Structures are given as C-alpha cells and as structure tokens.
Number of protein chains: 2
Amino acid sequence: MKLELLAVEGLPEIGAGADLGGLIAQHAPTLETGDVIVVAQKIVSKAENRLKDLSVLEISSDAQHLASRLDADPRLVQAVLNESVRVVRDDRVLIVETNHGFVCANAGVDRSNIPGADMVSLLPVDCDASADALQRRITEVSGVKVGVVISDTFGRPWRNGLTNVALGVAGCVALVDYRGRPDDFGRPLNATMVAVADEIAGAAELLMGKTRRIPVIVVRGLVLDCADASGTGKELVRPASLDLFR
Amino acid sequence: MKLELLAVEGLPEIGAGADLGGLIAQHAPTLETGDVIVVAQKIVSKAENRLKDLSVLEISSDAQHLASRLDADPRLVQAVLNESVRVVRDDRVLIVETNHGFVCANAGVDRSNIPGADMVSLLPVDCDASADALQRRITEVSGVKVGVVISDTFGRPWRNGLTNVALGVAGCVALVDYRGRPDDFGRPLNATMVAVADEIAGAAELLMGKTRRIPVIVVRGLVLDCADASGTGKELVRPASLDLFR
C-alpha cells in the first residue's frame with residue numbers, strides 16, 4: 001500500500017477571475033480517478049478576489065482599542081473583526097470565531113504573499129462552495145473525477161506550531177467514523193471519528209512549504225475506510241455548543 | 001517534487017520485549033537515507049510493556065467520584081489519573097495533562113487493540129527516548145540513517161474529529177521556523193512555526209487507518225525548509241504557562 005503526493009508545479013501568479021480549476025487541470029500531472037487535489041486557500045481567495053485594501057476601512061473604537069492592547073495595526077484588527085462573529089481570546093494574539101465557524105488567529109486575514117502594501121487576503125465566503133466549484137471545473141477540464149480540499153494554516157491549543165487543515169471539501173471524505181467497529185480483538189475502537197481531510201491538508205503542506213510557490217498538491221492512493229465520499233469542511237467545525245474550549 | 005508514504009506490511013503482533021526496531025527494519029521496503037519511519041504508539045507501548053492490568057489498581061475516592069460523574073469505569077479513570085499531572089476538563093470526557101505535558105483525552109490510556117479484557121496501554125514514559133532508541137536500532141539493522149516519529153491519535157478543540165500527532169521524534173525535524181523569512185513579495189511570512197512532525201504523523205495515519213493492522217509507515221521524499229534535523233516531540237508541547245486554553 002502506498003500514498004503519493006505530487007506537487008503541481010509551474011502555476012502562474014493567480015489573479016482575480018483566474019480560471020483556477022482550469023489552470024490546475026492544465027498544470028497537474030496526468031490525473032487519476034480518486035485523486036484528491038489540495039489547494040491552498042490563498043490562491044482560491046486571489047481567484048475569487050477576496051482581497052481587501054486596508055486603507056479604505058473605517059476603524060471602529062472596538063478595533064482601535066483592541067489594536068492598542070495588542071500593539072497591532074488597527075486596520076488589520078478591523079478587517080479581522082469584519083470577518084468574525086466573536087472574539088475567543090485577545091491576550092497575545094487575536095483568536096476569533098469566523099463567520100464560517102472556524103476558530104483561528106486573525107480570522108484567516110493574511111498579509112503574506114499578497115501584492116500591494118495595504119492589501120490582505122480574506123478566507124473564501126463559503127469554502128465548501130469554492131471546493132465544489134473547483135472540483136467541478138477540474139473534473140470538467142481533465143475528464144477525471146477528483147476530490148478537492150481547500151487548506152489553510154491554523155494554530156491550535158496545547159501544541160506548538162501550526163498545521164494545515166481543511167476549510168472546504170468536495171468529492172472527498174472529511175471525517176471517517178469508526179464508531180461501533182471492532183478492533184483486532186473484537187472490542188469497539190476508541191478513536192471514534194478521524195478528521196482525514198485535515199490529515200490530507202497537513203500532508204500536502206509538507207510538499208507545499210511556505211516559500212516554494214507550490215500551492216497545489218495531488219494526493220493519490222487514498223483508501224479511506226468510509227463508503228461516503230461526500231464530506232464537507234463544515235463537518236470539521238465543532239459547533240460552539242459542543243466545544244469545551246471557546 | 002513528490003512525497004511517498006509506504007506501508008510496512010506483515011509485522012507480527014508485538015509483545016513485551018520485542019525487538020521492534022529490528023522487526024521494522026526487516027519488514028520495511030528497502031530503506032533510503034532520509035526516510036522517516038512513523039510508528040504507532042500502541043506497538044511501542046506493547047514492546048516496552050507499558051500495559052496495565054486495571055484489576056490490580058487501587059481506586060481513590062477522586063477516581064470514584066470522577067467515574068460516577070462521567071459514567072466511566074473507575075479503574076480506567078484511576079489509570080488515567082496515575083498518568084496525569086492535572087485534569088483540564090471533566091465535563092463529557094476526561095481531558096488531562098499527562099506526565100509528559102501532552103493534553104489529551106484519558107492521558108492516552110487505551111483499551112483498543114490490546115489483548116486481555118482488563119488490560120490497557122499507557123503512553124511510553126519518554127516518547128523522545130523511545131523514538132531515539134528505535135531510530136538507532138533501525139539504522140543499525142538496516143545500515144540506513146532514518147528518522148523516527150512515534151504517533152498517536154489525539155482530539156483538539158474547535159474542530160471535529162481526531163488526527164494523528166507526533167509524541168516522540170528522533171532524527172527528523174519537528175518544527176520548521178519561518179520567522180523572518182520573506183514571502184514571494186519580500187514581506188515577512190505570517191505563519192511562524194509549522195509543526196511538520198504532526199503533519200507527518202497525520203499523513204501516515206491516512207495509510208495506517210484504524211482497522212488495517214498497519215502500525216508503521218515509511219515517509220520518503222521529505223524536503224523540509226530547515227537545516228536542523230534534530231527535532232523532538234517535546235518541542236511540540238506548548239508549555240502550560242504559554243497556553244491560553246488550559
């Protein structure tokens with residue numbers, strides 16, 4: 001058994017309105033049925049023109065106040081608040097719950113790898129819809145049915161370092177449910193649900209890196225213990241009511 | 001660029017005192033310098049005889065009390081408390097900080113895939129030392145210098161599903177530090193530290209599954225943006241004093 005991850009090299013800089021699915025289909029190695037294409041959120045946001053010019057933002061007193069406490073750019077804080085439904089922590093870094101329900105630093109608002117000094121990228125409005133559109137377009141152009149995972153780099157409590165996780169999923173499992181399945185000795189398994197889409201996103205990060213300009217990875221050979229291939233990024237978001245740490 | 005994950009198939013059931021490193025070297029596909037071998041904690045614990053017979057435990061009143069609140073086996077709760085320095089949450093599930101500093105459910109004490117109705121497995125006493133010993137033994141038997149990651153399946157706040165993370169690391173990077181490195185447009189990168197050892201562990205889980213009896217995976221082709229290959233699992237543990245969610 002073998003799993004392969006292949007870098008999609010040579011993609012051009014992605015601008016607003018780019019046919020990202022078409023470009024991926026063109027530049028990917030020959031695709032095979034069942035391949036899952038991991039796409040960095042940043043280029044999805046660029047193609048969808050989810051960029052914001054910080055210099056046009058009106059700064060609220062909340063943002064002003066938070067920014068001075070955090071020693072941050074008040075315009076960036078305003079952009080983060082605009083993308084958030086709640087501030088989870090504002091001690092050293094601004095951790096928020098985004099409009100999607102993701103809990104992450106700065107609502108995924110990010111200055112890196114964006115042209116223009118005052119420009120930031122925002123997360124796609126609906127990451128599953130973005131994954132879905134990419135999946136349909138890549139499948140259309142390549143003629144091969146693939147899955148798509150849109151990934152971004154998030155921190156987490158308790159452990160140092162960030163990892164890539166899945167924000168949007170289409171044509172691919174997100175969670176594998178082992179509840180009720182027997183272990184090697186016939187007793188029920190302890191690990192109930194495994195977030196395979198997050199593991200796929202993290203695996204792809206190992207090839208993407210942060211400085212190699214490789215925002216798309218093909219994952220080949222996934223054999224997931226799951227009949228249902230129709231996962232979503234939403235499934236991976238724990239509802240606030242069930243979360244002990246929000 | 002390409003990353004490959006290869007299953008190590010045909011390993012026998014691992015018992016106490018087994019030469020696990022030797023068995024891995026024997027059953028792995030021909031190893032190459034730079035390969036990283038991901039080993040499931042469960043078989044490391046079995047080889048190190050980190051098993052506990054619940055029926056011999058003396059149950060404290062604390063464990064009794066917690067068990068009735070959680071509707072859990074008081075003996076299992078006692079085993080968890082014995083491996084813990086602090087209870088982080090005891091609402092629906094027992095989340096503790098282990099003697100190592102890991103924050104996880106049930107201190108990693110686990111009944112699944114262990115022979116004997118009253119037996120549980122405990123995490124290795126020192127996961128980096130276990131990784132180190134395996135690394136030296138596999139390198140000795142195979143003649144090829146490899147890295148080792150010992151992985152287990154942990155939950156996390158905010159997101160549904162569990163993922164595999166790295167408990168012990170030897171001869172491999174754990175964290176890649178991007179601080180100060182420029183992005184494509186010359187500005188400093190936002191994502192400062194990436195927990196690549198956790199991403200390696202998660203990637204390997206995709207092949208391991210939970211019901212395939214494949215507890216060892218070879219990861220080939222890692223190109224990490226990091227000069228220093230001597231990471232540890234300890235680096236991945238956020239100190240309690242810096243953790244906003246403990």
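Two strands count as paired if DSSP finds at least two bridges between them, and strands (E, at least two residues) as well as helices (H or I, at least four) are DSSP runs numbered from the N terminus. The model treated here is predicted, so that local features need pLDDT of at least 70 and side-chain atom pairs count only at pLDDT 80 or more, while totals for chains, interfaces and linings use all residues. Residues are numbered from 1 along each chain as its sequence is written, chains are lettered from A and ligands numbered from 1 in the order in which they are written, and side-chain values use heavy atoms, with hydrogens and water left out.

**Exercise 1. Work out the strand order and pairing of the open sheet of three strands in chain A.**

Step 1. Begin with E4(A) and E5(A), which run antiparallel and are joined by four bridges; Ser84(A) stands opposite Thr98(A) in E5(A).

Step 2. The order is E4-E5-E6 with antiparallel pairing, and strand E4 (84-89) and strand E6 (103-105) of chain A are the edge strands, each pairing on one side only. From one strand to the next, the twist averages 35°.

**Exercise 2. Describe how helix H1 (residues 20-27) and helix H5 (residues 127-142) of chain B cross.**

Step 1. Take the axes as lines fitted to C-alpha atoms over the stretch in contact, with angles from 0 to 180 degrees between N-to-C directions; the two axes come within 8 Å and cross at roughly 45°.

Step 2. H1(B) is therefore oblique to H5(B), since angles under 35 degrees count as roughly parallel, over 145 as roughly antiparallel, 65 to 115 as roughly perpendicular and the rest as oblique.

Step 3. The crossing is right-handed, a term for a near helix turned clockwise from the far one by less than a right angle.

Step 4. For contact (heavy atoms within 4.5 Å), Leu20(B), Gly21(B), Gly22(B), Ile24(B) and Ala25(B) in H1(B) meet Leu134(B), Arg137(B), Ile138(B), Val141(B) and Ser142(B) in H5(B).

**Exercise 3. Determine how chain A and chain B are related.**

Step 1. Superpose the copies by least squares on the C-alpha atoms of residues with pLDDT of at least 70 in both; a rotation of 180° with 0.0 Å of shift along its axis brings chain A onto chain B, at an RMSD of 0.0 Å.

Step 2. The two copies are thus related as by a two-fold rotation axis.

Step 3. The same surface serves both copies, as 100% of the contact residues of chain A recur in chain B.
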